[in-house]
Amino acid sequence: MSPMKLCVPGDKLCSAEDCIPGTGVYLRHGYIYSSLAGYVLRKNEGEELPVISVVRETETQLLPDVGAIVTCKVTSINPRFAKVHILYVGSTPLKDRFRGTIRKEDVRATEKDKVETYKSFRPGDIVLAKVISLGDVQSNYLLTTAENELGVVVAHSEAGKYQMHNMAIGLEALENSSTVLHRILAPCWTTRWCYLMDYLSTEKHLLGLLLPLEDCDNTCEKHVSVFF
Amino acid sequence: MAGLELLSDQGYRLDGRKATELRKLQARMGVFTQADGSAYLEQGNTKALAVVYGPHEMRGSRSRTLHDRAVINCQYSMATFSTAERKRRPHGDRKSTEMSLHLKQTFEAAVMTQLYPRSQIDIYVKVRVGLTLHLVRGIIAEIDFFVIVHKHVSIVFQQILQSDGGNYSVCVNAATLAVIDAGIPMRDYVCACTVGFVDETPLADLCYAEENGGVSSLALALLPRGGQIALLQMDARLHQDHLETLIEAAMTACKGVSKVLDEVVRQHLQEASVLTGE
């Protein structure tokens with residue numbers, strides 16, 4: 001790696017005509033100055049000017065920003081909204097928990113008024129959500145799960161038996177295993193319902209049954225086929 | 001007054017320095033691993049420890065949240081054994097509150113708070129005298145409310161000396177290093193120095209004896225590269241003709257301090273990069 005230049009806050013890096021400011025720098029009177037103590041990184045985006053930014057080895061505290069995908073844990077529910085603690089922003093863990101709210105209208109994109117928070121979230125669920133607003137003085141971050149990739153990722157049923165996994169991971173693990181029949185749970189996003197499926201690895205078939213998580217236990221008998 | 005001459009005829013002060021000479025400045029960054037940023041700074045005999053946490057969600061009264069920037073919360077405290085007379089209340093008294101407020105104003109000018117709306121940055125500074133941090137392997141010590149988890153640090157008590165002047169300046173310098181260590185973006189360093197005026201001569205970096213010896217003292221916090229003043233504080237009597245000279249002397253002294261702090265930061269970065277193998 002080529003040696004990178006060290007800089008400290010207040011160092012003049014270059015003029016605003018040579019580079020576009022990135023992170024860790026600020027613009028003043030037509031010049032770009034560093035605002036962190038770290039290394040100067042110049043990246044060529046391809047179009048016009050390179051982007052100049054200052055990076056440190058250790059990442060500083062990241063704040064959830066509008067549009068960021070966050071991982072959070074449900075702490076309490078209410079007929080109108082669910083309160084969560086934000087644990088990760090993207091893939092960076094936060095040192096401190098931020099508080100967020102998922103309103104009833106933001107749980108899913110269709111049939112918004114028929115949402116029942118009790119059926120969608122329970123305290124202790126891990127949810128993937130997106131920040132829609134920083135909120136004002138009184139409220140916390142506002143989050144939404146009304147998109148395809150968002151929703152409950154890990155949940156425990158009342159019996160404590162089944163845990164929902166990411167569907168893709170579950171299927172991958174099965175492809176590699178040798179036994180014939182598996183019963184897996186695949187989450188249906190935005191709710192706590194899941195597919196209880198029998199996977200025949202020889203035939204690569206998935207037979208599935210849509211059930212609420214609480215009813216998933218070993219005595220389930222009915223099967224329906226699911227088309228992929 | 002017999003004996004104590006603040007500025008001798010040859011131009012030497014009480015501790016043997018010349019009028020524009022600063023005290024010896026030593027500093028170390030990244031002293032506590034559990035805080036987001038920390039620094040220890042010694043200027044002469046005044047020693048300060050600064051610790052920074054943040055930015056994190058607003059704690060305490062949520063009504064103080066600002067929608068467009070971060071709130072900076074400073075607390076200044078003195079160790080009970082640090083002054084000649086043992087202080088009963090380390091913080092919460094008027095002087096500490098005033099000092100905390102000044103620190104807050106200073107750092108609000110330098111830290112780019114608009115990057116962190118609705119959050120809080122905590123800066124804690126503790127001034128203590130008669131204590132030196134030695135890096136010795138394997139000893140974990142607990143002192144006051146600081147639990148030191150960095151396993152290579154031990155606290156060794158020396159004899160108690162008097163709290164040696166220039167408290168505000170030392171706090172600001174230590175806090176600057178701690179904020180840089182925490183990776184919080186700042187426009188520039190903040191360097192501070194206390195200057196006084198004796199016999200038509202400005203004295204840079206006052207010590208305790210000079211501060212209490214009837215010298216008009218002025219504390220200045222400067223952003224050295226732009227030459228911008230973050231805070232100017234004075235509560236003594238000074239003729240207005242001398243003000244210009246005094247501020248000039250203070251700015252020169254601050255630029256001297258900034259050179260030393262710059263060295264410390266660059267060295268810390270180099271050491272850190274060697275450890276991570278870049």
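Reader: In what sense do β4(A) and strand β5 of chain A pair, and over how many bridges?

Author: In this predicted model, β4(A) and β5 (residues 31–34) of chain A pair in the antiparallel sense, over four bridges. Within that pairing, A:L27 has A:I32 of β5(A) as its bridge partner.

Reader: What is the strand order of the open sheet in chain A?

Author: The order is β2-β5-β4 in chain A, an open sheet of three strands with antiparallel pairing. Its edge strands are β2 (12–15) and β4 (25–28) of chain A, each of which pairs on one side only. On average, neighbouring strands of this sheet are turned by 30° against each other, direction ignored.

Reader: Turning to chain B: where does B:H102 lie?

Author: B:H102 lies in helix α1 of chain B, which covers residues 94–110.

Reader: Is B:H102 buried or exposed?

Author: B:H102 is buried, because its relative accessible area of 13% falls under the 20% cut-off.

Reader: Which residues does B:H102 touch, leaving aside those up to four places away in sequence?

Author: B:H102 touches B:Y168, B:L231 and B:Q233. As for B:C74, its C-alpha is 8.9 Å from that of B:H102, and the two residues are 28 residues apart in sequence.

Reader: How many cavities of 30 Å³ or more does a search of the whole structure find?

Author: The search finds two. The largest cavity holds about 80 Å³ of space.

Reader: And which residues line the largest cavity?

Author: From chain A, the lining has A:R99, A:N140 and A:Y141; from chain B, it has B:E57, B:M58, B:R62, B:T65 and B:R118. By class, that lining has four charged, two polar and two nonpolar residues.

Note on methods:
Residues are numbered from 1 along each chain as its sequence is written. Chains are lettered from A and ligands numbered from 1 in the order in which they are written. This is a predicted model: local features need pLDDT of at least 70, side-chain atom pairs count only at pLDDT 80 or more; totals for chains, interfaces and linings use all residues. Side-chain values use heavy atoms; hydrogens and water are left out. Two strands pair if DSSP finds at least two bridges between them. Helices (H or I, at least four residues) and strands (E, at least two) are DSSP runs, numbered from the N terminus. Axes are lines fitted to C-alpha atoms, for helices over the stretch in contact, and angles run from 0 to 180 degrees between N-to-C directions. Buried means under 20% relative accessible area, exposed over 50%, partly exposed in between (1.4 Å probe, protein chains only). Contact means heavy atoms within 4.5 Å. On a 1 Å grid over the protein atoms alone, a cavity is a set of points where a 1.4 Å probe fits but cannot get out, and a pocket is an open set with protein on both sides within 12 Å along at least five of seven lines; lining residues have an atom within 4 Å of a point. Grid points are joined across faces, edges and corners, and a volume is the space filled by probe spheres set on the points. Ala, Val, Leu, Ile, Met, Phe, Trp, Tyr, Cys and Pro count as nonpolar, Asp, Glu, Lys and Arg as charged, and the others, Gly among them, as polar.
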